[in-house]
Amino acid sequence: MSALREWMAEMGSRASVAVSFIAKLKTTFQMVAIVGLLAFETYKVDTLAVLAYILLYSAVFLTIWSMVIYLQSAVLVIKEKSAHGELITDTE
């Protein structure tokens with residue numbers, strides 16, 4: 001997604017794929033899950049380890065969700081720029 005945002009910035013449309021709240025929440029879930037999985041013995045059924053796994057799988061879901069949102073935004077911008085003849089492609 002970082003590469004997509006960078007490419008959109010080169011096209012002058014960085015705001016259309018700005019970092020969303022979902023992406024920030026995903027990152028938070030990932031960081032808390034990693035700390036939880038490193039801090040607790042995962043071979044035991046520990047409440048905090050289970051919570052860490054739930055956060056990790058939630059982060060996976062949020063990753064896919066945010067990817068879909070970013071790609072939808074990018075496709076709209078690409079279609080708009082293509083219709084106006086503004087889309088520049090490098091053919092070298």
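A nonpolar core is a set of buried Ala, Val, Leu, Ile, Met, Phe, Trp, Tyr and Cys residues joined through side-chain atoms within 4.5 Å, where buried means under 20% relative accessible area, exposed over 50% and partly exposed in between (1.4 Å probe, protein chains only). The model is predicted, with local features needing pLDDT of at least 70 and side-chain atom pairs counting only at pLDDT 80 or more, while totals for chains, interfaces and linings use all residues. Residues are numbered from 1 along each chain as its sequence is written, and side-chain values use heavy atoms, leaving out hydrogens and water.

**Exercise 1.** Determine which residues make up the largest nonpolar core.

Solution. The seven residues of this core are Leu4, Met8, Met11, Ala23, Tyr70, Ala74 and Val77.

**Exercise 2.** Describe how the axes of H1 and H3 cross.

Solution. The axes of H1 (residues 2–10) and H3 (residues 47–83) come within 11 Å and cross at roughly 20°. H1 is therefore roughly parallel to H3, a term for angles under 35 degrees. On the H1 side the contact (heavy atoms within 4.5 Å) is made by Leu4, Arg5, Trp7 and Met8, and on the H3 side by Tyr70, Leu71, Ala74, Val77 and Ile78.

**Exercise 3.** Locate Ile78 and state whether this residue is buried or partly exposed.

Solution. Ile78 is found in helix H3. With a relative accessible area of 25%, Ile78 is partly exposed.

Note on methods. Axes fitted to C-alpha atoms, helices over the stretch in contact; angles between N-to-C directions. Helix = DSSP H or I, 4+ residues; strand = E, 2+ residues; numbered from the N terminus. Parallel < 35°, antiparallel > 145°, perpendicular 65-115°, else oblique.
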